[in-house]
Amino acid sequence: MEVKDCVFCQIGLGKIPAKVVYQDSNVLAFLDINPSNKGHVLVIPKNHFSDLVEIPEHELKPFMAAVKRIAEGVLRGTKAEGFNIVLNNSKAAGQAIPHLHLHVIPRFTGDDLQIGSWRHLKYESEEEMNKLRDSISANVPAGEPEFPREEKSELPKPKVKRRSKKEVSFIKREIEKA
Ligand SMILES: [Zn+2]
């Protein structure tokens, strides 16, 4: 799929407007216009990857670190009691847009939402969306100064138990006997 044909690439490039709650150089998060609960956010990598299998791990690590912080923003910003993270991969799994996107869905006791059978609510007004956008955005914690690099640890040397001369000669004798 080409960038110009992908609605999420277009949102990532700012060519299609969205209610953005968070962005950095790799990641963009915005309100789902058909939320399962109000404050439902989609998180996408700005680069086009069709799904979780396609994204390289070095891009996934900062992506998931951002997801964690965005989820905290959703939780606090909507005053939710919990949240679901949903990642549909492929059409068969319910992925509607073939650009990797992760759903962060705020949850409330008794909200009667069945994850897996999607429902689509409507916002009352743009003002309501703006309020939620601002509230979530303001509650996304600042990132860590540097994403910690993997420690280059040398593998521990395997411990080889040396056999004593006595053991070796015993084994030799046993072999000869056989
Ligand atoms: Zn795309």
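This is a predicted model: local features need pLDDT of at least 70, side-chain atom pairs count only at pLDDT 80 or more; totals for chains, interfaces and linings use all residues.
Q: Why is strand 2 largely enclosed by the rest of the structure?
A: Strand 2 (residues 27-31) is largely enclosed because five of its five residues are buried. Buried means that 20 or more other C-beta atoms, placed from the backbone, lie within 10 Å of the residue's own. Strands here are DSSP runs of E with at least two residues, helices are runs of H or I with at least four, and both are numbered from the N terminus.

Q: How does strand 2 pair with strand 1?
A: Antiparallel, over three bridges, with strand 1 covering residues 20-23. Pairing requires that DSSP finds at least two bridges between two strands. Val20 has Phe30 of strand 2 as its bridge partner.

Q: How many residues sit between those two?
A: Three, and strands 1 and 2 form a hairpin.

Q: And strand 3, how many bridges to strand 2?
A: Five, again in the antiparallel sense, with strand 3 spanning residues 41-45. Val27 is bridged to Pro45 in strand 3.

Q: Zooming out, what's the order of elements in the protein chain?
A: Along the sequence the pattern is α-β-β-β-α-β-β-α-α, with four helices and five strands.

Q: How much of the chain is buried?
A: Buried residues are 25% of the 178 in the protein chain.

Conventions
Residues are numbered from 1 along each chain as its sequence is written. A residue is buried if 20 or more other C-beta atoms lie within 10 Å of its own, exposed if 12 or fewer, and partly exposed in between; C-beta atoms are placed from the backbone.
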